[in-house]
Amino acid sequence: MRRLWTILLLAMFTGFTAFFGTFRAGQSPLTPVDVPDSSGILKLEFGLVAEQPREWTGTARVAPGELLSAWGWHFIAPDRIIGSNRWSLSTRLFNDPQERYKGQDLLPAAVLPNGVYVAFRAPDAARFTIDTNHGTFSIDLAELKQKGWLTFLAGDAAATYTPLVRPLTRGEATQHDFPAVAVSGMGVFVSWVAFENDANLVYTAHRAGNVWKVHRVSRHSGDYYCCAVAVDGSRKVHVIWGGYAEDRWRLIARTLDLDSGAWGPEQYVTPAGRRQMFPRMATDAGGTPWLTWQEFAGGHHQIFAAYRRPEGWSEPLEISQSQANHWDPAIAAAPDGSIYIAWDAYERGNYDVFLRSVRGRTPGPVVRVTNAETYDAHPSIAVDPRNRVWLAWEQAGANWGKDWGVASKAGSELHAARVARLVSYENGQFYEPAVPLKEAVPKWLSSMHESPQVAIGPNGVPYVFFRHYLHRIPRPEHELAVQIGSEAQTLQPWYDTVRSVWDIFVTGFDGANWLPVRQLPQSSGRCFMPVAAAVRGDRLLAFWPADGRTYSDPHVKTAQIQFVELETPDRAAPSSAMKPFRSEAGGTPDAAPTERADLERVRAVRWQDSAGGKTLRLFRGDLHRHTDISADSQRDGDIIDTYRYAIDAASLDFLAITDHTGHERRNYFRYDWWRNRQIATLFNNPGHFVAFFAYERTVTYPGGHRNIISTRRDALPFPISDEEFTGVESYGERLFPYLKQKGDIAIPHTTATLMGTDWRENDPKAEPLVEIYQGLRGSYEEPNTPASGRGNQPSGFVWSAWAKGLKLGVIASSDHYSTHESYACVYAPRLTAESVHEALKQRLAYAATDNIVLRFEAVSPDGQVYKMGREFPAPSPPELRVEVEGTGPVLRVELIGNQRILLARTPASSTDKFVFRENGGSDGEAYYYVRVIQQDGQIAWSSPVWVRRGK
């Protein structure tokens, strides 16, 4: 009967939400996919300089001509479009005190502007008349097209012009991503990777005149990631993409002969490769295609290049030269025949940008572009007709990825700040605009400029495309909860509304001033979705994927390739306003000055396991990290940056990306999960770094949030049923049998909150560990634990689980935002996914907030030694052995048994070593574990040992 009522209530809720969605849809603005007859798009912006939000109503007219369609910019109900030319909207506060989730954090603007897009058909001589409740103004189309951006009403309103954005692809189920473009006298060539039917295909579209012809490049569906395209001087088109097979990522090449229309065979660029990624291409002045890529070789990520010969690809040239990790190459050709390659590298505890030229097949010296403590990464490169090299990259704060969380905030978060930098390089000198981009844009747009892509227009002016992050304020309907039976049982919509939106903006620098910034309509998407740009005649063409999310509609749909042909009437300024660019160390203190020595000590640890007959090594990792894939992500950033953090900034041995699967019922989820697994295999290098396949199941209390950790490339998230979500059926009935069947494990977290559990069920084979601490919120060990996470569900504390006799080892993890202070420390024989996973199953693990070495074991009266995490019988209390090597002076070492502190030591140094045996005690089961607290607040917790005492 209870299940029947639940089903009926679910049906009622479905009907209610369907009606609610229909009602909302009726109030939503009309968003055109394509308006073939349109002359362009007029964007009207309101609230640019206001200090307080206010309502704007208005009407647009054009003469001669007509308005075809209108849709909202930052619309949220009750904002609305009326017909094709009227609107009613409101501007809003970035940080409204009444909102549960705040907006942008560090902005000089108080108000988020709002506005409308209008698609029109009109000649250049047309004039728009805009009537609003705050004033009337007129816009001459010819002037707007010439200047790009005009302001009105004392700067509080503005108009921008954008040529019509058109779709290159369409589809309800196919995801199109990673476009690359090449232009020659034979036309425009755009390549991309598509995801359909749980596999990838590679396509190339060729436009001659105004007609597109699409080619399927890959012969078969496969596991493909990223692509590049170039056209040589003999009328051949070369497409390169990454392909995964037999645990190897190698670059695959295929060539189209434009004269015969025939495609050649698929061939590996360098067959011996194992981890090749991020191909980029350019054609030099002599018509020779060049390729650059990132590859894991010799224990590090390096940058290589090759060029196309008549008989095939050349042997790789090693472009990077140090033993650091080198990332994300970019390539451009110069009129003088040179090739330039830019990349970034983690050489001195931060990312710096580097540049190298290749002339006549011979690389020149490596040139360091940046030399500061800041994060300088993801470079883009272009060369103008004067052979000046233009470099753009994104910059974040110093100590990127170092300590940030409950224990300390000495570092910079992964995605708290981004600015775009632009420099030119000529005659061995670097120059930059006298006014940086962040100061030349409207105040509301002055932060979070990411993934800049530089391209030289037909006028010789460098243009910069960049992504801008905007936190979308969730509305009440996206957190709707329907009570079922009691206050403890509520049904919530699936966690599928995104809070983060990235849009593409474009500007240029004429040598003296930044040109007006224009937003590209229909460009919203995830954190990193690349722009590919090239010149065709007198137009600058740009291609990008957009996934359908908008500020108005928080649901991701499918990624489709969009493009625009930008008119570029701008000319270089008669005089320059650039200054020498200097990037020098600013004296920012290192947030982790002892880390190198600490890691040497950690990696030297060897611990003999007599029970297993193996030598154990100590590995550190994070088993709970989010990216922008998670709907609630605000400052996590892109998945590739998360791997950068793990490999470089945190020097982890293993990582599990555990994005939420609440949107599993949406078709785009399959693509998110596919990309997650692809990227894990890109960076999984046994012996150096291990990447798991993982996700977070988000079930409310008492089911609880759990991270699922797998070693299987074919793993699929186990669905959350309505019955489980509402507590009609338990996680034990559904989840645990599945995990045991597949060999995966679950790790619950924040257990003493409404994200936690009351420990009503446990299966030690399916759930051997608990996250006792996380950097975002703190510890859920017990009510008085250090670094308390402020639990509001006492039955969920880890002590409660142990009191019930549950066999749970412990780890620490980050969750959102926090970095560099939460480690799952694991003793395993080898650094492979299988070895570490098996050690997790055996609970050979401990939790730490710093690089603390902790050994804890028990010796039974018969001399058998049992490492932490194990259980055993003993007729009397065992001997307990503890050894601590801290990263600083240890304040207190506590040996805890059955929720009692049995021994508390206060060593006078960073190390401690002792043996303890409990006196007396009753028969039955007892557990013991160790808690270490340093003077600087860093903590470590061992997994317990469990002893069955008595005969």
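## Overall build

Of the protein's 951 residues, 64% count as buried. The model is predicted. DSSP runs give 10 helices and 67 strands. The radius of gyration is 29 Å, close to the 30 Å that the globule rule gives for 951 residues, so the protein is as compact as a globular protein of that length. The C-alpha trace spans about 100 × 65 × 55 Å along the principal axes.

Contacts reach across the sequence. Take those between residues at least 6 apart: 64% of them join residues at least 24 apart.

## Surface and charge

The accessible surface comes to about 34300 Å². Carbon and sulfur atoms hold 50% of that area. The side chains include 101 positive and 107 negative ones. The centres of these two sets lie 2 Å apart.

S37 is joined to strand S38 (residues 462–471) by 6 bridges. The two strands run antiparallel. Across this pair, alanine 455 stands opposite tyrosine 463 of S38.

## Strand S67 and its two partners

Strand S67 covers residues 945–949. The strand is mostly covered, with 4 of its 5 residues buried. Which way does strand S60 run against S67? The two run parallel, and 4 bridges join them. S60 takes in residues 871–874. Its phenylalanine 872 has valine 947 in S67 as bridge partner.

Strand S65 (residues 924–934) also pairs with S67, through 5 bridges. Here the strands run antiparallel. In this pairing, arginine 948 of S67 is the bridge partner of glutamate 925.

## Glutamate 426

Glutamate 426 is found in strand S35, which spans residues 419–426. The cut-off for buried is under 20%, and exposed means over 50%.

Valine 389 is 37 residues from glutamate 426 in sequence. In space, the C-alpha atoms of glutamate 426 and valine 389 are 6.7 Å apart.

Note on methods: Residues numbered from 1 in each chain as written. Predicted model: local features only at pLDDT ≥ 70, side-chain atom pairs only at ≥ 80, totals over all residues. Heavy atoms only, no water. Pairing = 2+ DSSP bridges. Rg over C-alpha atoms; globule rule 2.2 N^0.38 Å. Buried < 20%, exposed > 50% of the residue type's maximum accessible area, 1.4 Å probe, protein only. Contact = heavy atoms within 4.5 Å. Areas by Shrake-Rupley, 256 points an atom, 1.4 Å probe, with all protein chains shown as cover. Lys, Arg positive; Asp, Glu negative; His and termini not counted. Charge placed at Lys NZ, Arg CZ, Asp CG, Glu CD.
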